[in-house]
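Open the model in your viewer and keep the selection tool at hand. We will go stop by stop, and at each one I will say what to pick and what is there.

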Amino acid sequence: MLKNTLIDRKKYPPLNLPFYEVKVRRNEQQIQIFDRFRKKFIALTPEEWVRQHFANYLVNELNYPQSRLHIEFQMKYDRRLKRPDIAVIDDQGKYEILVECKAPHIKLDEAVFLQLTTYFSVLKPSFIVMTNGIHHIIGTHKPNEKNFVYIDTLPAYL
């Protein structure tokens, strides 16, 4: 296992998320990161850098059980397959949190919000998150409300 010297800090900058010890390796020409949730090494991209950090934040800092996280899973929308980044499922199998991750250099704009609300329209989670690892936008949707209410942080797992 190679050390973090494989990580280009310009491409994979420090994020506005708690530190966690990453496992990376070189596989031929590709740098890979170990995904503890999928239990395998996967290609390290700037978006994957954010996805892994945010998933670890949910488990390590907010205490969500690792078994409740779904990472890059498939869902159907308008006869198409989509792949949300992270979802947290509650005891009843309902989607509690839905997270859309972007690379650190990607602006969290209307296009990202539209992508996230497309997933929201099918999965109906209690909370939505847009993150590029630097900025996080968190919203909740109350029944009978027309718009999202933006909040500062996600609730911790109880």
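Begin with His53, which is buried, at a relative accessible area of 6% (buried means under 20% relative accessible area, exposed over 50%, partly exposed in between, with a 1.4 Å probe and protein chains only). A note before moving on: this is a predicted model, in which local features need pLDDT of at least 70 and side-chain atom pairs count only at pLDDT 80 or more, while totals for chains, interfaces and linings use all residues. Residues are numbered from 1 along each chain as its sequence is written, and side-chain values use heavy atoms, with hydrogens and water left out.

**Stop 1: around His53**

His53 belongs to helix H1, residues 46-60 (helices, H or I with at least four residues, and strands, E with at least two, are DSSP runs numbered from the N terminus). Show its side chain and you will find that it reaches the backbone oxygen of Trp49 at 2.8 Å. Now select Leu15, Leu17, Pro18, Tyr20 and Val22: His53 is in contact with these, leaving aside neighbours within four places in sequence (contact means heavy atoms within 4.5 Å).

**Stop 2**

Next, select S1, S2 and S3, an open sheet of 3 strands in the order S1-S2-S3 with antiparallel pairing (two strands pair if DSSP finds at least two bridges between them). Strands S1 (24-27) and S3 (40-43) are at the edges with a single partner strand each, so one side of each has no neighbour in the sheet. From one strand to the next, the twist averages 40° (axes are lines fitted to C-alpha atoms, for helices over the stretch in contact, and angles run from 0 to 180 degrees between N-to-C directions). Strand S2 (residues 30-35) and S3 run antiparallel, joined by 4 bridges; pick Gln32 and you will see it opposite Ala43 in S3. Bring H1 back: this helix packs on the sheet, touching S2 and S3, and its direction makes about 15° with that of S2.

**Stop 3: the cores**

Which residues have the most contacts inside the largest nonpolar core? Select Phe54, Leu58, Leu69, Ile86, Ile97 and Leu154, in a core of 33 residues (a nonpolar core is a set of buried Ala, Val, Leu, Ile, Met, Phe, Trp, Tyr and Cys residues joined through side-chain atoms within 4.5 Å). H1 gives the largest share of this core, 7 residues. Centre on Ile97, whose contacts beyond four places in sequence include Leu58, Tyr64, Ile86, Phe127 and Leu154. A second, separate core has 15 residues, among them Ala87, Ile89, Leu116 and Met130.

**Stop 4: the six-stranded sheet**

Now colour the open sheet of 6 strands, ordered S4-S7-S8-S9-S10-S11 with mixed pairing. The twist here averages 20° from one strand to the next. Strand S10 (residues 136-140) runs antiparallel to S11, with 3 bridges joining them, and Gly139 stands opposite Tyr150 in S11. Helix H2 (residues 110-123) packs on this sheet, touching S8, S9 and S11, with its direction at about 155° to that of S8.

**Stop 5: Leu81**

Finish at Leu81, in strand S6 (residues 80-82). Is Leu81 buried or exposed? Leu81 counts as exposed because its relative accessibility is 51%. Not counting residues up to four places away in sequence, Leu81 touches Gln74, Met75 and Lys76.

Methods: A polar contact is a pair of N or O atoms within 3.5 Å; within protein, one must be able to donate a hydrogen and the other to accept it, and residues adjacent in sequence count only if both atoms are side-chain atoms.
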